[in-house]
Each structure stands twice: as structure tokens, then as C-alpha cells.
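Me: I would like to go through the labels used for this structure and ask what each one rests on. Please show it to me before we start.

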Amino acid sequence: MSVGVFTESASSPAIARPSRASVRCRENLRASYLDGAAFGGMVGFGETWIPAFALALNLGEYAAGLTGSIPLLAGGIMQTISPWAVGKLGSRKRWVIACATLQIVTLYALLMAAMTSWLGLFQINSLTLLGLAAVYWGAGLASGPAWNTWIGTLVPKSIRPRFFAMRNRTSQLFVFLGFLFGGILLQLFEDRNQTIAAFALLFAIAGSCRLVSVLMLMRQSEARPIHQGKLQWGTLVGNQQAGSESRTGVRLIVYLVLVQAAVQMAGPYFTPFMFSKLGFSYYEFVMLISVSFLSKVIILPFWGKLARRIGAWRLMWIGGVGIVPMSAGWFVSQQIGWLLIVQFCSGAMWAAYELAFFLIFLDAIPEQRRTDLLTIFNLFNAGASVGGALLGSAWLLAWDASYQSYLYLFVISSGFRCVTLLFLWRVPRISTGNFQIGFRTLAVRPNTGSFSLPVLSSVQDVSSKQSSDDQSTR
């Protein structure tokens, strides 16, 4: 599919020769489009399977759970140095490519780890695997702020909604295809007692996908000179003093961080529970996660239309309440049919929750401060993820990771999610002018469908944002 259609002008004469700038713009869009597809392939084939890889290496359920959470903190910390690194390199493009290249190295290191284990030469320990996952996430999230700013200079504002919608859908398609193919490949190799060899092949494909992504990044241009300021840590304090709309962003951060901690108490341990306790095959695992992922992708446009009708604030409550019982649903029954229903509902509710949160959060923040505040938010979010995962790990350790301890942990997670609604109650009602956001899918997750972050350039800057009359804290 050619993305050149995004830059065609209906008013231009058919015989007019495109300008050099127009040609360069089309080349940038095409390269970005292919980068998104390759990036999705990397996510589907690679990072998603690291916890399962830990189980296949017999590193234990705790290692499998923690590899899906603790590395996020490395990413949250590394992305705070992004402004400094861009300033030193004098280029956002160079920093993004450097981070992406580091991800290639990490994926090929996982390939080597799988190969040496398969050949019986050497097996990495849990700390080494955790370290590789941390480098992968550190590099991935560290490139986020620079990429968000860079892509905004390449895509004309007039075509951003349509371009990012198509780019995101294509990337999500490749995430799903990579994840689906990965599960089929693992099951086929497991039937031949060659599971570790299958992981080696998956990491090789993931690294190759990221290599294609890097080649596409290199083909994109960059405006000069680069003006890169320091990360404004005072943004949060400034928001507290700037009025109710800015305080909304801070209160939303507090709410989301608490939700993240509650969710991550159980989230990283669904994978070891499915494989180690329920004895699910890779087919069953892929089927459950795919239902959640696909329901999230498919229902998202519906939530956008509903947000336009009822407002993002009400949608926030739909999502916030809807995600509460999702982990506890696993306590009710562990039959595959019931879990498919739970996963479908989970993906749908998480789509509403994430869309509403970012609609309100980004609309309440001036465009020039969005990157800084989103970076700080990601750091707090990563810290909450690690805190929640460690609490969950402590609970399982106290009860020897028994079958029942997993089920009770899922219920406890839902209980804490319910408590966080008290903090959502304190978020003022605010009207928003945006009802559509583009997302980058960074990982596939069992209970939430995916881990995604917004593409800031896809969010319009609404100049006049007015809170409704009912702006007081409920």
C-alpha cells in the first residue's frame, strides 16, 4: 500500500510536477509507514515471548513474572536522559536510531542465549535474562520522547489523523500476526521437543524486523538545527499552580499510577499461571491473549465515537469501573470458554480506560509541555509497575506460589483497583476537544491486551479548553 496518497492535493493540476519538498514528504511518510509495520513485527515476535522463554528455560515462575514488569523501570529512567542525549548528538534521529540498534543487539543476544541453551553449551540465569529485558525496554522507551517530537516534524498537520490511523492499524496487524505466528511456531516445535530452538527463531525474526525498522528510520529526514531543551521536572509543580485544568493532569497521573500498581500486582503472573498451573498449550495461550488484543483494537473506534457523544470524562468512568473485576474473573472459573469471555471484556474495558485517560490527560496539557509531562508520567508509571509486581511476587512467595495463591492474588488486584476509584472521584469533570488518539503498541499483555503509549503528534492542540460548570471535586 502506497502512502503517497496522503500528500496528494486535489487542487493541484494533474500535470503539475511535484516539488522536491513534496517528494521528500512522501518518502518520509512511506518510510515511517514501513517502520511502523516492522516495529509491530518486532513486538509480536520478540518481547511478548520473553516471560514464556524464562519458563521454557526452567528459570521459575517468579523470573517469568518479573521479566514482564521490572524492565519497565529501566525504560522509565532511561527516557529521562533523552533530552540530554539528543542535545549531545545534535539529532533526534541519531538518538532514535541508536536506541533502536541497541534493541537489535538485545534481541540477537536473546537469540544467542536460546541457541547456547538448545545446543547444551550454556544457559543464562534469571538475572541475565532480566538484564537483557531491561536493556530492551530501556532503549525502547528512551527513544520515545525524541521519536514523538521527530515524527511531528515529518507529518503535515492536515493529514495526521488519517496517516496515524492507517500507520497504527498496520502496526497492530503486524503485532498480531507476529504473536499468532510465534504461538503456532512454538507449539509445532514443542511437539518435537525443540521449544528452545523455536524461541531462537522468534528472536532472530524479531531482531530482523527491528533491523528493517532501523533502515526505514535512516531513510527519513530531519529538520535542522535541533533545539532540545532539558526535561522540565518542575512541570508537575507548575501544573499544581496553573489552575484546575492543569491540576486535572496531575490528579489523573496519581490515579493512573495507583491503578498501574494494582494491575501489576497480578498482571505479570498470568503467563506463569497459564503455563505452570493450568498447563495451557501455546495454542490456548495465544487464543486467550489474541481475544483480548483484538477486542481492544476493534472496539477502540466505538469508544471514540461514544466519547464524542457523552464526553471523555464519562468514558473514563466506564473504563475505570469496567477494569475492576477483570482479574477477579479468573477466580470464578479457569475453563477456557469462560476465560475467553473474560479476556474479550478485559480488552474492551481497557480500550475505554486508556483512550479516555489520554484524551483528558493530553487535552488538559498545553502542546509544548506534553512531551515532558508524558515522560515524567512514564517514569512514575514504570515505578508503580515494579512496585505492584514486587508486591505480587511477595504474596506468591509467602504462599509458595500455590494454585490458590494465584487466584487470591487476582482477586486482591481487583480489590485494589476498586479502591483507586476514590481517586478517580477527585478528578474534576473537564470537557475535551479531542476524541481520537494514535497509539504505539509496545507489548502484548495477558490481562490488558497490550501496553501502548500515545503518539503525541496525532493529538490536536485545542486552544480553547473550558471546564464544565461542574468542575468541583466530586
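Me: Why does methionine 218 count as partly exposed?

Reply: The model is a predicted one. In it, methionine 218 has a relative accessibility of 47%. Buried means under 20% and exposed means over 50%, with partly exposed in between. The value of 47% falls in between, so methionine 218 counts as partly exposed. Methionine 218 lies in helix 10 and touches Lys93 and Ile97, leaving aside residues up to four places away in sequence.

Me: How far apart are methionine 218 and aspartate 35 in sequence and in space?

Reply: They are 183 residues apart in sequence, and their C-alpha atoms are 10.0 Å apart in space.

Me: What makes asparagine 193 and aspartate 400 count as exposed?

Reply: The cut-off for exposed is over 50% relative accessible area. Asparagine 193 has 69%, so it counts as exposed. Aspartate 400 has 67%, so it counts as exposed too. Asparagine 193 sits in the loop between helix 9 (160–190) and helix 10, and aspartate 400 sits in the loop between helix 18 (370–398) and helix 19.

Me: What is the phi of each of these two residues?

Reply: Asparagine 193 has a positive phi of about 60°, although it is not a glycine. For aspartate 400, also not a glycine, phi is positive and near 55°.

Me: Why is helix 13 called roughly antiparallel to helix 19?

Reply: Helix 13 (residues 270–277) and helix 19 (residues 403–424) pack at an angle of about 150°, and their axes are 11 Å apart. Angles over 145 degrees count as roughly antiparallel, so this pair is given that label. The crossing of helix 13 with helix 19 is left-handed.

Me: Which residues have the most contacts inside the largest nonpolar core?

Reply: They are Trp49, Met274 and Trp330, in a core of 71 residues. Helix 10 (residues 195–218) supplies the largest share of this core, eight residues. Tryptophan 330 touches, among others, Phe270, Phe273, Met274, Leu407 and Phe410. A second, separate core has 43 residues, including Trp350, Phe361, Leu421 and Val427.

How values were computed: Residues numbered from 1 in each chain as written. Predicted model: local features only at pLDDT ≥ 70, side-chain atom pairs only at ≥ 80, totals over all residues. Heavy atoms only, no water. Axes fitted to C-alpha atoms, helices over the stretch in contact; angles between N-to-C directions. Helix = DSSP H or I, 4+ residues; strand = E, 2+ residues; numbered from the N terminus. Parallel < 35°, antiparallel > 145°, perpendicular 65-115°, else oblique. Left-handed = near helix turned anticlockwise from the far one by under 90°. Core = buried A, V, L, I, M, F, W, Y, C linked by side-chain atoms within 4.5 Å. Buried < 20%, exposed > 50% of the residue type's maximum accessible area, 1.4 Å probe, protein only. Contact = heavy atoms within 4.5 Å.
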